[in-house]
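Here are some friendly notes to read alongside the model. Take them one at a time, and keep the picture open as you go.

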Amino acid sequence: MQRIFAKTLFKNKVVIVTGGGTGIGMATAKGIVELSGKVVIAGRDKARIDEGVEKIKTHCAEGAEVLGLQCNIRKRGEVSNMLTDTIDKFGRLDGLVNNGGGQFWSPAENISPGGFHAVVDTNLKGSWNCMQEAYHQYMGENGGKIVNIVLMSEMGLAGMSHSAAAREAVKNLSITLGAEWAGNNIQINCVAPGIFPSETAVAAYGEQSKEIFDKSAANVPKKRLGELYEGANLSEGTLSLDLIPQILFNLTDAVQYTTGWKETLDSRTKLVL
Ligand code: ADE
């Protein structure tokens, strides 16, 4: 796959990607190791993480490494261990991509208290747990880059009330922490990739998948959803979420980059600062 970046762009850099065993997280992780980085994929399901590691290994450029760690981001102790294990193994932490999360589609009136809590807990508290632990264990002293994966939900998102509320809270948290931790040289951005028809999304949305995907595609100027290779790569003339490596490595002014994306491409991806 053709990319514009030097193959050594992430040499000696260490990035954690939560939910890195599947979907957008895995595409991001592959994008990092293809650029010689060291990536930790963290997720709840050990088998999925192990499988993800095997797949990502086949993409490793020279010097790249992948480590899989089981971690439920809802559990602070597990997040703390995940950060400690990463730093013990690699000695540093340059980036954190908070991609782990998820939701199910449901009219608001049918969401149970447990269902609402689970979605908020994973998407909001999970991201918070990872950011605060990253701060305490490494970034507070050394700086770093954080990318939070969110939704295009600023105008609300029918059928996703739990997740839209949680993701908007993550955006706000990102702004607040970005300001509080600016002096620590920590940069926080959010990326809202839109719907990617990954296996995980199909599993989460069940029999509503087709309707959700079709309706979403109809609202995209290009009239199609993103493909996962677009999750981390720049290929086939398509500017895409290579945005994530770019932000992690500070290659470009993210706002300008996003503007270019929106004007020339299909506005499926939106960066929120
Ligand atoms: N991806 C989805 N839910 C998750 C969780 N609780 N922990 C880690 N990754 C996840």
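Over which residues does pLDDT stay under 50, with 38 contacts beyond four places in sequence in the model?

1. **Where to be careful.** The answer is residues 231–241. Here pLDDT is the predictor's confidence in each residue, from 0 to 100, and two residues are in contact if their C-beta atoms, placed from the backbone, lie within 7 Å. Residues 251–273 also have pLDDT under 50 throughout, and for them the model has 40 contacts beyond four places in sequence. Where pLDDT is low, the predicted coordinates should not be read in detail.

2. **What kind of model this is.** This is a predicted model, in which local features need pLDDT of at least 70 and side-chain atom pairs count only at pLDDT 80 or more, while totals for chains, interfaces and linings use all residues. Residues are numbered from 1 along each chain as its sequence is written. For the protein chain, the mean pLDDT is 81, and 77% of the residues reach 70 or more. The complex receives an ipTM of 0.90 and a pTM of 0.83 from the predictor.

3. **The overall picture.** You can find 9 helices and 7 strands in the protein chain; helices (H or I, at least four residues) and strands (E, at least two) are DSSP runs, numbered from the N terminus. Of its 273 residues, 44% are buried. A residue is buried if 20 or more other C-beta atoms lie within 10 Å of its own, exposed if 12 or fewer, and partly exposed in between, with C-beta atoms placed from the backbone. Take the contacts between residues at least 6 apart in sequence: 72% of them join residues at least 24 apart.

4. Strands β1 and β4 run parallel and are joined by 3 bridges. Strand β4 (residues 95–98) is also parallel to β5, with 4 bridges between them. Two strands pair if DSSP finds at least two bridges between them. To trace this by eye, look for Val 17 opposite Val 97 in β4, then Leu 96 opposite Ile 146 in β5. Asn 98 has Asn 148 in β5 as its bridge partner.

5. **Covered on both faces.** In β4, Gly 95 and Val 97 on one side and Leu 96 and Asn 98 on the other are all buried. In β5, 6 of its 6 residues are buried. One face of β5 holds Gly 144, Ile 146 and Asn 148, and the other holds Lys 145, Val 147 and Ile 149.

6. Buried residues in α5 include His 162, Ala 166, Val 170, Ser 174 and Leu 177. An α-helix has 3.6 residues a turn, so residues three or four places apart point the same way. The buried residues of α5 pack against α4 (113–142), β5 (144–149) and β6 (186–192).

7. Lys 13 lies in the segment before β1 (14–18). Is Lys 13 buried or exposed? Lys 13 counts as buried because it has 22 C-beta neighbours inside 10 Å. Beyond four places in sequence, its contacts are Gly 37, Lys 38, Asp 94 and Gly 95. Asn 12, found in that segment before β1 too, is partly exposed, because it has 13 C-beta neighbours inside 10 Å.

8. Most residues other than glycine have a negative phi, and most peptide bonds are trans. Asn 12 has a positive phi of about 65°, and Ser 36 one of about 75°. Ser 36 sits in the loop between α1 (23–33) and β2 (38–43).

9. **Around the ligand.** Which residues come nearest to the ligand? Of the 13 around it, they are Gly 19, Arg 44, Asn 72, Ile 73 and Gly 100; a residue is near a molecule or strand if its C-beta atom, placed from the backbone, lies within 6 Å of it. The shell has 2 nonpolar, 9 polar and 2 charged residues. Ala, Val, Leu, Ile, Met, Phe, Trp, Tyr, Cys and Pro count as nonpolar, Asp, Glu, Lys and Arg as charged, and the others, Gly among them, as polar.
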